Amino acid sequence: MLPLLSSLFRASMAVLVVVLLCVLFVLCFCSALLRWNEVRYRKKGLPPGTMGWPVFGETTEFLKQGPSFMKNQRARYGSFFKSHILGCPTVVSMDPEVNRYILMNEAKGLVPGYPQSMLDILGKCNIAAVHGSTHKYMRGALLALISSTMIRDQILPKIDDFMRAHLSGWGNQVINIQEKTKEMALLSSLKQIAGIESSSISQAFKTEFFKLVLGTLSLPIDLPGTNYRRGFQARKNIVSMLKQLIEDRRASSEEVHQDMLGGLMRSDDQNRYKLTDEEIIDHIITIMYSGYETVSTTSMMAVKYLHDHPQALEELGKEHLAIRARKRPEDPIDWNDLKSMRFTRAVIFETSRLATIVNGVLRKTTQDMELNGFLIPKGWRIYVYTRETNYDSFTYPDPLTFNPWRWMDKSLESNNSFIFGGGTRLCPGKELGIAEISTFLHYFVTRYRWEEVGGDKLMKFPRVEAPNGLHIRVSNLTN
């Protein structure tokens, strides 16, 4: 018996030694790999920081920890440091003055630097990917579609008609407001783009579009089951749908359609911007993507913040009930009504600031350049991290408080806010997005009151979302 036990003991010890040696080898290998990756990027003049693993860098920590990761890095290295995120060596800037300079000086060696996954999925012709004269031309084509005149005469009536129908029948039930606002933002945009034909493709489009959105913020690893693969496949399916829609319209003998797609397809002298079908499709995908994220999330968070701050809700209600009092029940919201919604606009800006719907923007260097006293190599990304700017107590006293009244001072919007971008990259759809959210809030607060069911968790990075939904109990205002 003893020899058997002794033999078993020696065998177990041998296995343990082998396991320990394997663990030690893995630890040494990982340590050497991390060390090699740090040395690889240790060039003279670069900002301090860490680069993480080869290929993956610090993407996992960045996406999982978000603001905590940024604060920890800033505590160690200051407000201007290097990292490796979303597949690219990147310099992160958390300095408000440096951020302002970067956003206002695109022509000086800086161009958009969005992740490869986003470029692949949104298309090489999307407005965020191009620069110089091409960007100017594409931006002009987009602004022609969503100018103030177009919003007033063509788009706002469509938005009003959609919102009036979409928000009907919500009373006396529990709804997931996150799901409702996502659906609202997507289908409203689709109606503006494709008019009456939007209803025939909306369900199939919605399924693919949600996959596309998830794929834009992922590592560009083209393997089965990855968000990138699903997003890229979703893009192919959406392109196929839009191509068919364009072909059907060309084959039709009807007049020019009064929607965004019709405007992009016009070949007469009234359309200064002649685009290829590929450019038209990338334009449409970009319009829908950029509007969907901001409109849906801002609408959802405005509902939450207004619930949590009854005084702000009361003020907003007064503004919209006063508008309704001037109208018959069937009268739509018009341009003058929209311009009179000053407090509503303030609510939208404060919601965007406090929830930080957009955490920052990416730029890429086109040449070796000096910035903030450091030398940034050509091809590196610069992440203009604006989240902390939104909580700057000098610009926004008591910054963690929801206070829409601060935006009633027009100088705050014009002088200090980069919530909607800046410089030549100021969001071209800013006023369109505000019109959509304002109309949504108008019909929501004049028809319903609501309370949160409770227990729903909110995440604010890398996207603002409620993983299990945000559920509210809605009742009719007249009850």
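Glu-452 counts as partly exposed, at 23% relative accessibility; on this scale buried means under 20% relative accessible area, exposed means over 50%, and partly exposed is anything in between (1.4 Å probe, protein chains only). This is a predicted model, so local features need pLDDT of at least 70 and side-chain atom pairs count only at pLDDT 80 or more, while totals for chains, interfaces and linings use all residues. Residues are numbered from 1 along each chain as its sequence is written, and side-chain values use heavy atoms, with hydrogens and water left out.

**Glu-452 and its partner**

- Glu-452 forms a salt bridge with Lys-304, and the closest N and O atoms sit 3.1 Å apart; the term covers a side-chain nitrogen of Lys or Arg within 4 Å of a carboxyl oxygen of Asp or Glu.
- Lys-304 belongs to helix H12 (residues 277-308) and Glu-452 to strand E9 (residues 448-452), so this pair ties together parts that are 148 residues apart in sequence.
- Helices (H or I, at least four residues) and strands (E, at least two) are DSSP runs, numbered from the N terminus.
- Lys-304 is buried, with a relative accessible area of 17%, whereas Glu-452 is partly exposed.

**Other salt bridges**

- The count comes to 21 salt bridges.
- Asp-153 and Arg-152 meet through their side chains at 2.8 Å, N to O.
- Both ends of that pair are partly exposed: Asp-153 has 43% relative accessibility and Arg-152 has a relative accessible area of 40%.
- Arg-229 and Asp-222 make another salt bridge, at 2.5 Å, N to O.

- Strand E1 (residues 80-85) has six of its six residues buried, so the rest of the structure largely encloses it.
- Both faces of E1 are covered, with Phe-80, Lys-82 and His-84 buried on one side and Phe-81, Ser-83 and Ile-85 buried on the other.
- E1 pairs with strand E2 (residues 88-93) in the antiparallel sense, over six bridges; to pair, two strands need at least two bridges between them as found by DSSP.
- Looking across to E2, you'll find Cys-88 as the bridge partner of Ile-85.
- E1 and E2 make a hairpin with two residues between them, and Leu-86 in the turn has a positive phi of about 50 degrees.
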